[in-house]
Number of protein chains: 4
Amino acid sequence: MNTYTHTVHYYETDKMKITHHSNYIRFMEEARVDFLAQTGYGFDKLEEDGIVSPVMSVTCDYKHTTTFPDKIEIEVSVVKCSALKLIFGYTMRVESQIVATATSSHCFLDSKGKFVSLEATYPELFKMLQEMASSNAK
Amino acid sequence: MNTYTHTVHYYETDKMKITHHSNYIRFMEEARVDFLAQTGYGFDKLEEDGIVSPVMSVTCDYKHTTTFPDKIEIEVSVVKCSALKLIFGYTMRVESQIVATATSSHCFLDSKGKFVSLEATYPELFKMLQEMASSNAK
Amino acid sequence: MNTYTHTVHYYETDKMKITHHSNYIRFMEEARVDFLAQTGYGFDKLEEDGIVSPVMSVTCDYKHTTTFPDKIEIEVSVVKCSALKLIFGYTMRVESQIVATATSSHCFLDSKGKFVSLEATYPELFKMLQEMASSNAK
Amino acid sequence: MNTYTHTVHYYETDKMKITHHSNYIRFMEEARVDFLAQTGYGFDKLEEDGIVSPVMSVTCDYKHTTTFPDKIEIEVSVVKCSALKLIFGYTMRVESQIVATATSSHCFLDSKGKFVSLEATYPELFKMLQEMASSNAK
């Protein structure tokens with residue numbers, strides 16, 4: 001999978017002259033959207049199928065500050081993939097230096113807000129994510 | 001009508017150490033939401049009735065910079081009110097000094113995206129806004 | 001200490017019709033700023049003294065969705081307070097239902113970016129926070 | 001000059017399921033930053049030289065809604081360039097349909113906040129922008 005690059009915008013900085021920490025949560029979403037599109041199961045497809053994937057939790061560890069106009073390269077990995085829960089990991093780098101590491105966990109809901117099994121609904125995607133999770137664990 | 005106060009948040013500043021200019025467009029929305037709630041025709045009621053009021057245009061003139069944690073007092077006025085178009089004016093002050101003046105124009109659409117006449121749908125609101133517009137013009 | 005209330009703005013929602021998850025990280029900052037102001041050691045005072053307090057990490061668990069115009073009541077607690085690290089906890093409620101719990105950890109830096117001991121610089125604040133942390137642990 | 005493309009992010013949509021109108025003001029900044037970088041006088045260079053270019057005013061006319069994950073192509077033009085004031089125009093398109101037109105006006109300040117003449121400070125940039133403005137006026 002290709003990494004995703006976010007170039008920090010001026011409006012994403014704050015008066016400490018650095019990228020405001022809340023924005024990394026948004027960069028994670030951008031990278032996740034790009035990652036899923038690469039699997040062939042993009043947000044568009046999921047939404048067409050009436051499936052939404054809300055965020056259940058996030059964590060982010062800030063290692064080094066970044067600022068406008070840094071190019072943050074984001075590597076997405078699958079930390080865990082079970083029928084009802086998917087956890088992504090994120091490693092963010094600027095010129096090969098790690099600036100932040102993060103995770104986000106997700107579930108899948110149908111249009112009525114009921115839990116959907118990723119395994120049953122998208123068996124191929126599920127298998128792909130599980131393989132990524134296990135190769136990642138090694 | 002009461003003015004609306006927005007206290008500038010740290011995350012709304014940028015590396016110039018001032019409130020990022022794009023945020024004033026958001027403060028205008030906050031003030032507009034508060035203004036409509038005061039008329040008794042809040043966003044909640046409109047959405048319940050299946051009516052949305054998209055923004056057709058905005059203008060904003062920045063007079064003085066603001067920053068965290070300034071309290072921006074926003075006065076909303078009705079610049080123009082016709083059956084299909086509503087224009088709001090905004091005067092933003094910090095400690096009585098004008099920091100920005102702005103306008104936003106709006107139309108009203110039903111759930112199918114068709115234009116709705118404010119005069120026909122909410123005659124009382126329409127009358128109230130027209131009176132504000134004419135007293136404002138004096 | 002008083003809790004902090006954030007009213008969800010229209011622009012903080014997303015096309016899932018809920019408050020976008022990244023915004024809770026911003027609400028945490030708002031509540032933290034308010035909390036520190038209540039201790040008498042607000043961001044203003046710290047910045048006057050040339051001290052900045054960057055965020056080292058955040059976590060947020062989303063329990064229930066919120067949306068415009070929900071009033072989110074945020075209770076801030078001190079999870080841990082050592083000389084070099086301060087961890088805040090956040091409990092967010094809408095009408096007494098918990099919608100999210102979160103943490104953020106912080107250090108203190110002088111104008112040259114060197115670590116500053118909270119205990120040495122602000123002994124009274126340090127004592128206050130430590131007492132809060134220990135009463136919180138009970 | 002090359003046009004700039006902004007792909008609408010999920011977090012830039014609102015509960016009307018469209019790109020929130022305030023974000024276009026940010027897209028304008030992105031396109032302007034890219035435009036200036038193409039002239040060889042990027043924000044980086046200006047800031048190195050101790051010059052900041054605050055926004056004096058903005059206007060934006062919304063023609064068609066956009067949403068995630070539309071690709072908005074932004075064409076920047078020079079509407080006016082005098083010694084003390086620079087006005088940019090923006091035409092935003094999705095698949096060749098105009099979705100918004102906008103303007104922003106700017107001045108140039110030194111590190112003490114005093115007005116700087118663009119003509120005196122950057123004569124080559126000034127000449128380039130003036131030629132763009134006059135060819136644009138034809």
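Colleague: Which residue is the bridge partner of T91(B) in β5(B)?

Modeller: In β5(B), T91(B) has T101(B) as its bridge partner. The model is a predicted one, in which local features need pLDDT of at least 70, side-chain atom pairs count only at pLDDT 80 or more, and totals for chains, interfaces and linings use all residues. Residues are numbered from 1 along each chain as its sequence is written, chains are lettered from A in the order in which they are written, and side-chain values use heavy atoms, with hydrogens and water left out.

Colleague: What makes β4 (residues 86–94) of chain B and β5(B) a pair?

Modeller: Strands, which are DSSP runs of E with at least two residues, numbered from the N terminus, pair if DSSP finds at least two bridges between them. β4(B) and β5(B) have nine bridges and are antiparallel, so they pair. They also form a hairpin with two residues between them, and E95(B) in the turn has a positive phi of about 50 degrees.

Colleague: Which other strand of chain B is joined to β5 (residues 97–106)?

Modeller: Strand β2 (residues 55–62) of chain B is joined to β5(B) by seven bridges, in the antiparallel sense. Within this pairing, V55(B) stands opposite H106(B).

Colleague: How many bridges join β2 (residues 55–62) of chain A to β2(C)?

Modeller: Five bridges join these two strands, which run antiparallel. The bridge partner of D61(A) in β2(C) is S57(C).

Colleague: How many residues of chain C are in contact with chain A?

Modeller: Contact means heavy atoms within 4.5 Å, and 21 residues of chain C are in contact with 21 residues of chain A. The two chains bury about 1,800 Å² between them, 54% of it on carbon and sulfur atoms. Buried area is the accessible area (1.4 Å probe) that two parts lose on being put together, summed over both.

Colleague: Why is the link between K15(C) and E47(A) called a salt bridge?

Modeller: A salt bridge requires a side-chain nitrogen of Lys or Arg within 4 Å of a carboxyl oxygen of Asp or Glu. The closest N and O atoms of K15(C) and E47(A) are 2.6 Å apart, so the pair qualifies. Across the interface of chain C and chain A there are two salt bridges. On the side of chain C that touches chain A, β2(C) supplies the largest share, eight residues.

Colleague: How many salt bridges are counted between chain D and chain C?

Modeller: The count there is zero. Ten residues of chain D are in contact with ten residues of chain C, and these chains bury about 1,000 Å² between them, 66% of it on carbon and sulfur atoms. Y10(D), K15(D) and K17(D) supply 56% of the area that chain D buries against chain C, more than any other three residues.

Colleague: Why is H20(B) called buried?

Modeller: Buried means under 20% relative accessible area, exposed over 50%, and partly exposed in between (1.4 Å probe, protein chains only). H20(B) has 1% relative accessibility, and therefore counts as buried. H20(B) lies in the loop between β1 (4–7) and α1 (23–39) of chain B. Leaving aside neighbours within four places in sequence, the residues in contact with H20(B) are Y11(A), E12(B), T13(B), D14(B) and E29(D).

Note on methods: Helix = DSSP H or I, 4+ residues; strand = E, 2+ residues; numbered from the N terminus.
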